[in-house]
Structures are given as structure tokens and as C-alpha cells.
Amino acid sequence: MNIKILSRNSGLYSTARLIEAAKKRKHNVEVIDPLKCDLIIEKKKPSVYYKGRYLSDTEAIIPRIGASITYYGTAVVRQFEMMGCFTTTESQALVRSRDKLRSLQILSRARLGLPKTVFTNYSRDVAEIIDHVGGAPLIIKLLEGTQGLGVVLAETKNAAESVIEAFNGLQARVIVQEFIKEAKGADIRAFVIDGQVVGAMKRQGKEGEFRSNLHRGGTAEVITLSDEEENAAIKAAKAMGLGVAGVDMLQSARGPLILEVNSSPGLEGIEKATGKDIAKSIIRYIERGV
């Protein structure tokens with residue numbers, strides 16, 4: 001099978017592992033920089049032109065599209081879809097997942113547990129926003145932030161008001177969320193492939209850090225999900241239309257609360273924490289799909 005990995009860097013852990021897993025299963029695999037693809041759109045014959053040749057022999061793609069290139073990267077995925085290629089992440093699901101607000105609305109509609117969240121159009125009534133999520137402490141998130149960047153814990157009402165007013169003054173879109181104290185700076189990442197949880201880890205923020213992202217110095221350990229947590233992860237990935245997803249959840253007194261559904265989850269943390277060959281599971285998903 002001819003598989004293309006859409007990635008800007010073949011040296012990244014996730015990309016390198018996918019290459020290794022595909023080759024082990026005797027597939028032809030190539031890394032394609034989506035920003036260097038030309039999209040040729042014409043009646044009945046859409047095509048992708050890359051470094052002097054047409055990629056017409058492609059049977060499947062694995063999009064590893066970073067947040068900074070979502071617009072063009074999604075257009076490339078869409079073009080391969082028009083050519084009849086199987087993709088591990090569909091273009092529409094990729095667009096949905098990159099919009100934090102839209103994602104939360106979709107998850108809410110699917111009746112999944114979520115931290116209480118408020119979004120306003122730069123409202124001047126900041127005190128009311130704070131009251132809506134149960135007061136301080138609370139979390140303020142930039143809608144464009146990734147890997148824990150643009151996430152602020154406001155421990156007091158005064159601090160929350162100052163931060164929200166500052167973001168409003170900069171015309172920066174934010175959501176305000178309740179702080180889940182019982183999570184104790186930890187969250188769960190469940191890796192879902194084709195409607196099944198193939199691995200799960202608990203990520204703990206370093207001392208004094210409420211964000212558990214491994215990029216921010218957090219640690220990870222393997223965890224066995226409860227039935228409720230596993231069902232929530234599978235349901236969240238399905239609601240977002242994602243065949244491959246990293247579902248981030250908090251453990252709370254009222255059950256699992258979905259924080260985010262990542263459409264391009266990294267493999268390094270989950271593979272090292274669980275010891276599982278997640279890359280192989282993705283390749284096997286392609287084999288079933290094609």
C-alpha cells in the first residue's frame with residue numbers, strides 16, 4: 001500500500017514511529033510536507049503536485065497537521081479525500097477539533113461531561129462571567145493556545161478580573177472555565193483509534209503547576225480507565241468525527257469531564273507511558289479502512 005504522512009518534519013518522534021510501523025508491515029511510506037503541495041482542481045481529476053510529480057498513486061494519508069498550518073494543511077487533506085484516498089483524520093473533523101469553542105459545543109450536544117465554560121463577546125460585566133463558573137479559582141484559556149500555552153489559573157476574583165480585562169483589551173478571544181480542584185493538577189489522555197481506546201495515561205503537572213502537559217514538564221504513567229472514562233473517550237472521539245484522537249479528561253466528583261479532543265495527538269508520551277505500539281495500531285486502522 002502507498003501511504004503518505006503529511007508532516008513538516010520526518011525527524012519528529014510521531015512521524016518517525018509511523019514510518020517505522022508502516023515499513024514493518026511492508027507498506028511504501030513517504031513523508032510529504034503539506035506546505036509544499038500544489039493543489040490542482042479541475043473537473044473529474046483533482047490532483048496533488050509535489051516536488052515535480054503527481055501523487056496519484058496515494059492510497060492512504062496520515063495527517064500530522066500542526067495548529068499553525070491548519071488552513072492550508074486541511075486543504076491538502078481535502079484534496080486527497082477528493083482523489084479517493086483513505087485518511088486517518090478527515091478534513092472536516094480536523095477543522096472542528098481546532099476550534100476550541102465549537103468542539104465544546106459539539107461535546108455538550110453529545111451530552112458529555114464538561115467543565116462549566118463561559119464564552120462572551122468581550123463582555124464588560126466580568127464579575128458576572130466569574131460567577132457563572134462558580135467564582136475563583138478559575139481557568140482562563142486563549143482559544144488559539146496549544147500545549148498548555150495561553151492557559152491561566154486565576155486564584156482570586158481580583159486576579160481573574162484583571163486577566164479577563166487584559167485579554168479583552170487586547171481583543172484576544174478567551175473562554176473561562178471552572179477549576180476542578182479534585183483533579184489535583186492531573187488529567188487523563190485516552191488514545192482512541194477507530195472507536196477503541198488503545199492506550200491511556202495519567203499526566204501529572206510538576207510541583208506548583210496546574211497544567212499537566214508533558215511539554216510543560218509534567219510526568220506520565222499508565223492508567224486503567226474506568227468503564228465511564230472509557231465510554232466518555234470513545235463517545236467524544238465519535239462526536240468529533242475523529243478516527244484517531246487524543247481525548248483529554250479530568251477526574252471529578254461528578255465523573256469524567258472532557259477538556260479537549262486532539263486531532264493530531266503525539267505518540268511519544270503515550271507509547272513511553274504505556275509501552276504499547278500505538279503507531280502499529282494506526283497502520284492497522286489504515287489497512288482496515290483501505
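Contact means heavy atoms within 4.5 Å. The model is predicted: local features need pLDDT of at least 70, side-chain atom pairs count only at pLDDT 80 or more, and totals for chains, interfaces and linings use all residues. Residues are numbered from 1 along each chain as its sequence is written, and side-chain values use heavy atoms, without hydrogens and water.

**Exercise 1.** Determine which residues alanine 236 touches, leaving out those up to four places away in sequence.

*Solution.* Alanine 236 is in contact with Leu107, Leu112, Val247, Ile258 and Val261.

**Exercise 2.** Describe the surroundings of glutamate 271.

*Solution.* Step 1: glutamate 271 belongs to helix α8 (residues 268-274); helices are DSSP runs of H or I with at least four residues, numbered from the N terminus. Step 2: its relative accessible area is 7%, and buried means under 20% (1.4 Å probe, protein chains only), so glutamate 271 is buried. Step 3: beyond four places in sequence, glutamate 271 touches Tyr13, Arg17, Lys276, Asp277, Ile278 and Ala279. Step 4: a polar atom of the glutamate 271 side chain lies 3.0 Å from the backbone nitrogen of alanine 279.

**Exercise 3.** Check the length of helix α9 (residues 278-289) and locate its buried residues.

*Solution.* Step 1: the expected span is 1.5 Å times one less than the number of residues. Step 2: the twelve residues of α9 should therefore span 16 Å, and the end C-alpha atoms, 17 Å apart, agree with this. Step 3: the buried residues of α9 are Ile278, Ala279, Ile282, Ile283, Tyr285 and Ile286. Step 4: these cover an arc of only 150° around the axis, which puts them on the same side of α9; the arc is that of the directions from the helix axis to the C-beta atoms.

Note on methods
Helices (H or I, at least four residues) and strands (E, at least two) are DSSP runs, numbered from the N terminus. Buried means under 20% relative accessible area, exposed over 50%, partly exposed in between (1.4 Å probe, protein chains only). A polar contact is a pair of N or O atoms within 3.5 Å; within protein, one must be able to donate a hydrogen and the other to accept it, and residues adjacent in sequence count only if both atoms are side-chain atoms.
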